[in-house]
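Subject: Handing over the structure, with notes

Dear colleague,

Here is the structure I promised to pass on to you, and below it I have written out what was found in it. Please read the notes with the model open beside them.

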Amino acid sequence: MPELPEVETVARGLQKTVMGRKILSVALGKTDFIDDPGALERHLPGRRIDAVERYGKFMMLRLSAAEISGAVNSTVEPEAASLLVHLGMTGNLASRRADEAHEKHTHVWMALDDGRELRYTDPRRFGRIAYLAGEAIARELQRFGADPLLVGEEEFVARIKARRSRIKALLLDQSVLRGVGNIYADESLWRAKIHPARTSASLTPAQLLKLRRVLQEILRKAISLRGSTIADFQDGQGEPGEYQKHHRAYGREGHKCYRCGAIVRRTIVAGRSSYYCPACQHAPRDCRPLPLPRAARGVKAKASKPRTGRWKIARNR
DNA sequence: CTCGATCCCTGGACGC
DNA sequence: TGCGTCCAGGGATCGA
């Protein structure tokens with residue numbers, strides 16, 4: 001699932017391939033995940049993609065003011081505008097040759113001035129696309145919390161301590177930190193030896209500082225490895241990330257803890273599967289692991305495949 | 001404020 | 001093998 005490192009990877013790819021390109025036209029497939037499909041058709045053609053930025057799990061395509069060539073298009077307002085793209089669970093945004101067959105579940109085609117198309121694909125359509133202009137951009141972004149890579153020690157502790165939820169729920173809450181999802185929440189909690197069901201109030205400042213530090217280390221490492229690619233699916237030409245090889249908790253139910261050898265267990269916290277080492281990460285009394293599935297039990301349990309969605313980082317050529 | 005439940009959606013895993 | 005069921009999960013939303 002695209003979290004901060006995966007979105008960063010996609011955004012960096014797009015910086016190389018579509019930045020500076022002009023959008024010539026827009027075609028749409030299914031649009032139930034798009035805020036205002038008509039706005040895309042009305043406002044994107046004629047604009048140039050000036051920048052591709054990441055904001056939490058969103059990508060922001062900064063768009064030019066649109067008077068690039070030829071006739072003035074009166075339907076295009078001159079104010080700052082952005083295309084916000086959230087990949088949800090299975091979304092991808094990539095540049096393809098216009099004559100290249102499109103993947104199944106492609107829902108947006110943006111023809112560019114270099115003969116290529118910027119295409120959005122998303123089988124489950126849990127993603128989101130929104131065209132935002134003017135003050136709507138700032139209004140949209142103010143809902144989100146700190147960037148976990150930039151947040152300082154004081155702010156991190158303050159944001160966590162301001163709430164009394166379980167730590168996993170807080171890590172996943174985009175209004176606390178923007179960009180952390182299920183994988184990197186579990187990975188950082190394992191590394192910090194904190195059980196996901198612990199409440200923020202029960203954690204010491206030292207534990208929170210440790211959590212912040214390992215979270216940043218993990219995110220940086222994951223970005224350097226182009227994110228995590230879980231269980232490849234369909235279509236050949238992706239360039240998968242490598243960070244899944246470094247997972248220490250996520251998807252490892254039934255395997256031995258890399259640190260102590262205990263069996264990694266799974267439980268549900270904040271409505272999400274949460275993987276942890278019962279020996280390293282002391283559980284609150286009210287939190288029990290789920291029974292191990294048959295595939296993950298037994299002596300030589302050939303570890304179950306990670307229970308997870310799957311997606312692939314497509315190469316942005 | 002915080003929780004859990006429900007829904008959205010598709011396809012892969014699994015059980016019989 | 002084939003079919004039905006369960007499940008993954010980010011986020012919105014609603015009720016407790």
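I begin with a pair of helices: the axes of helix 6 (residues 182–192) and helix 7 (residues 205–224) come within 9 Å of each other and cross at roughly 130°, where axes are lines fitted to C-alpha atoms, for helices over the stretch in contact, and angles run from 0 to 180 degrees between N-to-C directions. That angle makes helix 6 oblique to helix 7, since angles under 35 degrees count as roughly parallel, over 145 as roughly antiparallel, 65 to 115 as roughly perpendicular and the rest as oblique. The crossing of helix 6 and helix 7 is right-handed (a crossing is right-handed if the near helix is turned clockwise from the far one by less than a right angle, and left-handed if anticlockwise). On the side of helix 6 the contact is made by Tyr184, Glu187, Ser188, Leu189, Arg191 and Ala192, and on the side of helix 7 by Lys210, Leu211, Val214, Leu215, Glu217, Ile218, Leu219 and Ala222, contact meaning heavy atoms within 4.5 Å. Sorted by class, this contact has nine nonpolar, one polar and four charged residues, with Ala, Val, Leu, Ile, Met, Phe, Trp, Tyr, Cys and Pro counted as nonpolar, Asp, Glu, Lys and Arg as charged, and the others, Gly among them, as polar.

Before going further, please keep in mind that this is a predicted model, in which local features need pLDDT of at least 70 and side-chain atom pairs count only at pLDDT 80 or more, while totals for chains, interfaces and linings use all residues. Residues are numbered from 1 along each chain as its sequence is written, chains are lettered from A and ligands numbered from 1 in the order in which they are written, and side-chain values use heavy atoms, with hydrogens and water left out.

Helix 6 has ten of its eleven residues buried, so it is largely enclosed by the rest of the structure; buried means under 20% relative accessible area, exposed over 50%, and partly exposed in between (1.4 Å probe, protein chains only). Among its buried residues are Asn182, Asp186 and Trp190, and the buried residues of helix 6 pack against helix 1, helix 5 (167–172), helix 7 and strand 10 (272–276). Just after helix 6, Lys193 takes a positive phi of about 60°. Ser273, which lies in strand 10, touches Lys168, Asn182, Asp186, Arg266, Thr267 and Ile268, leaving aside residues up to four places away in sequence.

Helix 7 also meets helix 4 (residues 153–161), their axes coming within 10 Å and crossing at roughly 115°, and this crossing too is right-handed. Here Glu153, Phe156, Val157, Ile160 and Lys161 of helix 4 meet Leu208, Leu209, Leu211 and Arg212 of helix 7, a contact that has six nonpolar, no polar and three charged residues.

Turning to the chain as a whole, chain A has seven helices and ten strands, which are DSSP runs numbered from the N terminus (helices H or I, at least four residues; strands E, at least two). Of its 317 residues, 54% are buried.

Four of the strands form an open sheet in the order 2-3-4-8, with antiparallel pairing, two strands being paired if DSSP finds at least two bridges between them. Its edge strands are strand 2 (49–55) and strand 8 (128–133), each of which pairs on one side only, and the twist averages 20° from one strand to the next. Helix 1 (residues 4–17) packs on this sheet, touching strand 2 and strand 3 (58–63), with its direction at about 170° to that of strand 2. Strand 4 (residues 81–86) and strand 8 run antiparallel and are joined by six bridges, with Leu83 standing opposite Tyr131 of strand 8.

Elsewhere, strand 5 (residues 92–97) is mostly covered, five of its six residues being buried, and strand 5 pairs with strand 7 (residues 116–121) in the antiparallel sense over six bridges. In that pair, Leu93 stands opposite Tyr120 of strand 7.

Finally, Ile23, in strand 1 (residues 23–28), is buried with a relative accessible area of 1%. The C-alpha atoms of Ile23 and Pro45 are separated by 5.2 Å, although the two residues are 22 residues apart along the chain.

With best wishes
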